[in-house]
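Please keep the sequence and the model at hand while reading.

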Protein chains: 2
Amino acid sequence: MGQAAGGISPLAPKTTPSLSPVAGVKLATGAAGIRYQERTDVLLALFEPGTTVAGVTTRSKCPSAPVEWCREKLRRGKARALVVNSGNANAFTGKNGREQAKFTAKLAAKAAGCKPDEVFLASTGVIGEPLDASKFDGVLEAIAARAHAHAWLDAAKAIMTTDTFPKLAGATVKLGKAQVRINGFAKGAGMIAPDMATMLAFVFTDAAIVAPVLRDLLKSEVGDTFNAVTVDGDTSTSDTLLFFATGAAVKNGAPKITRANDPGLKAFRKALHTVLADLSEQIARDGEGARKLVRIHVKGATSKQSARRIALSIANSPLVKTAIAGEDANWGRVVMAVGKAGEPASRDKLAIWFGDIRVAANGERDPNYNEAKASAYMKNDVIDLTVDLKLGRGEDRVLTCDLTKEYVAINGDYRS
Amino acid sequence: MGQAAGGISPLAPKTTPSLSPVAGVKLATGAAGIRYQERTDVLLALFEPGTTVAGVTTRSKCPSAPVEWCREKLRRGKARALVVNSGNANAFTGKNGREQAKFTAKLAAKAAGCKPDEVFLASTGVIGEPLDASKFDGVLEAIAARAHAHAWLDAAKAIMTTDTFPKLAGATVKLGKAQVRINGFAKGAGMIAPDMATMLAFVFTDAAIVAPVLRDLLKSEVGDTFNAVTVDGDTSTSDTLLFFATGAAVKNGAPKITRANDPGLKAFRKALHTVLADLSEQIARDGEGARKLVRIHVKGATSKQSARRIALSIANSPLVKTAIAGEDANWGRVVMAVGKAGEPASRDKLAIWFGDIRVAANGERDPNYNEAKASAYMKNDVIDLTVDLKLGRGEDRVLTCDLTKEYVAINGDYRS
């Protein structure tokens, strides 16, 4: 990830949501001088006793120290605090990295009045630079004292690196007879690819849900949201999605959820999906240098998995992405990307649409193809690209963005 | 592929080789007006009776009509002519595309005085536009009349699209008691990725080698040459490598080779490897927008195949490629690319070098790391990047180039 080139993404949502509190969650931010002085670079979230947690982390074979820390602590499923810093990923930092993670958790535990095992960590920024956790000393305690229930926007801003806008989403949903709240925020703009398709995302609810059920909810909803977004096909060492449930809504009559198949969970699951989908779409909308959001829909594949692979082959093709940046309805490159995916495809059955315009059918250019019409469509901010393989019922969707000169500028000038 | 942005690649070889003839091969070029008027866009090669042929074609599931034509004719292994056109790939052109390929072969057969089954075809250019083969009518006969043994540079130029320089390589080698010749030329600058890692390459020898042995030679030498080059990870629908052996050297006492394990083939095989490696390196040196050649060497992997996958993950990572474009020794992104490859890797054993400078060891920054020294190294035209996984004896090398704003410009402005 590089530094923001200035200016908010033209694809940013028109408004930033103002989130209501989640009972049992308090937030605070501060400046620890991790990479730059006087810049907000640390977030502390404090949770009521009894909070459960589940998470999904990067599939990288070279995970960061905070990712390893979280994986271990997720087994217990109990959380009292979350510390996120930007500026340094504490990744590829060896034994020292593990010590710094441990020390950060110790400082946070002191500030939160809990055990280090109940502290969750996430870091984003440069890979390979040693992190000096002593910079958190004093800072975490100071900000803990002023943590409050309304700091959602500040929290989302504190974890940004190359992001050009803060990413927040929330929902209120009925659980049993009570209203519960789900809030989330995320960051990520480059080094974004499944799986996980985000740098960092944190979701919070006041519902009371045991950790195994939280895990099940995340597992079932992340596949078509965060794992269906790619900016550049590069997977971070630090990707972390954590989902915290404080249980505070029990005071308002919310039930305690202990089974994944609880019929009362249906609306909650749907609301969670909406929040995750909203956050992950915001990540694609803030892809480094992006000027167009691209929604890829593959149908008629032999399976959903095959459709996903073909969709990702299209989404990660530099030639498809640069054509879209150039507002060129170059469907020949879509054929190329389908062909290189290695999945079952029958050239002479293939059909392709840009928006509602069918550009190719039965393995050749659509007889009614109209270049002017297709080119006009490409001027839109949001491009819908549909491929029908006409082989089976496998179907899937992924989100991506175009590849512009700004992506190269942002990522070619970093660290120098 | 887009249009050349003007200017020869700074990585182009200092000199263009002047190739001696290959007995039994005559070449001619002409302008058929395929895409542009008055532009050389067709190459005709004529071979002596008795010429054998072997080939390797794209693994795309959506191959072009000429690729399908060649695959079928390669079974017979006999060649009298080769027609290559630039400007239109005749790919994704349906039944009409097959008819146009057939008609091209018919016209070439008439010009060469052979059967259509002995004509090989290759096309490069836009995908999805119908090719009008009637444009070859008259042109092929006219240029056949002036075909000669010395037109190697013209031939290499005729097949260029976004290439900024013609790509030629040759060798003279002893086979039995005679000297035989191997000449080759290639084109390709974008949509380059294994397998095949080229758009088009043609290699010719006057040695007498039966088709099955030619196939064996290609198969064993292509893996570490053309298949070890990637520009953008995008695989073309049209990739074709053809290897023709006229047998004319028999007149000079060369033996007829009928067995792949013929001990006399050792030097020939080595010379063929050199020619293929030279041509494939030239393709990486002419990668669209490239300013740096990147040689990636992965060792200590669990197998050669695993090393290849990790090397390709690094070579195709937009974040690694943009960092190199920015002359940034950002080895953290190399860690990222190793981690995302999905191959066995142990983070805390990993070591990374830029040139001779070890930047990381044992899973963290090298204790002697010197940013200024590493940054100075990145100013070179050729960047050597070595990763040691320290897990086994698997080792492999791939070639690529950096990712610059010019790549985006070249590919974002095509067709518009």
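## Symmetry of the two chains

The model described here is a predicted one. In general, a rotation about an axis and a shift along it relate two copies of a chain. Here, chain A is superposed on chain B by a rotation of 180 degrees with 0.0 Å of shift along its axis, and the RMSD is 0.0 Å. This relation is therefore that of a two-fold axis.

Among the residues of chain A, the closest to the rotation axis is Lys405(A), whose C-alpha lies at 2.4 Å. Both copies use the same surface, since 100% of the contact residues of chain A recur in chain B.

## The contact between chain A and chain B

Chain A contributes 53 residues to the contact, and chain B contributes 54 residues. On the side of chain A that touches chain B, at least two residues each come from α2 (94-112), α8 (318-325), α9 (331-340), β15 (364-365) and α11 (405-412) of chain A. The largest share, 7 residues, is supplied by α9(A). Sorted by class, this side of chain A has 19 nonpolar, 22 polar and 12 charged residues.

## Thr322(B) and its surroundings

Thr322(B) is part of helix α8 of chain B, which covers residues 318-325. Is Thr322(B) buried or exposed? A residue counts as buried when 20 or more other C-beta atoms lie within 10 Å of its own. Thr322(B) has 29 C-beta neighbours inside 10 Å, and therefore counts as buried.

Leaving aside residues up to four places away in sequence, Thr322(B) touches Val408(A), Asn411(A) and Gly412(A), together with Leu403(B). Gly94(B) stands 228 residues from Thr322(B) along the chain, and their C-alpha atoms are separated by 38 Å.

## The packing of α7(B) and α9(B)

In chain B, helix α7 (residues 304-315) packs with helix α9 (residues 331-340) at an angle of about 135 degrees, and their axes are 8 Å apart. Because of this angle, α7(B) is oblique to α9(B). The two helices, α7(B) and α9(B), form a right-handed crossing.

On the α7(B) side, the contact is made by Ile310(B), Ser313(B) and Ile314(B). On the α9(B) side, Val334(B), Ala337(B), Val338(B) and Lys340(B) take part. By class, the contact of these helices has 5 nonpolar residues, 1 polar residue and 1 charged residue.

Notes: Residues are numbered from 1 along each chain as its sequence is written. Chains are lettered from A and ligands numbered from 1 in the order in which they are written. This is a predicted model: local features need pLDDT of at least 70, side-chain atom pairs count only at pLDDT 80 or more; totals for chains, interfaces and linings use all residues. Axes are lines fitted to C-alpha atoms, for helices over the stretch in contact, and angles run from 0 to 180 degrees between N-to-C directions. Helices (H or I, at least four residues) and strands (E, at least two) are DSSP runs, numbered from the N terminus. Angles under 35 degrees count as roughly parallel, over 145 as roughly antiparallel, 65 to 115 as roughly perpendicular and the rest as oblique. A crossing is left-handed if the near helix is turned anticlockwise from the far one by less than a right angle, and right-handed if clockwise. Two residues are in contact if their C-beta atoms, placed from the backbone, lie within 7 Å. Ala, Val, Leu, Ile, Met, Phe, Trp, Tyr, Cys and Pro count as nonpolar, Asp, Glu, Lys and Arg as charged, and the others, Gly among them, as polar. Copies are superposed by least squares on the C-alpha atoms of residues with pLDDT of at least 70 in both. A residue is buried if 20 or more other C-beta atoms lie within 10 Å of its own, exposed if 12 or fewer, and partly exposed in between; C-beta atoms are placed from the backbone.
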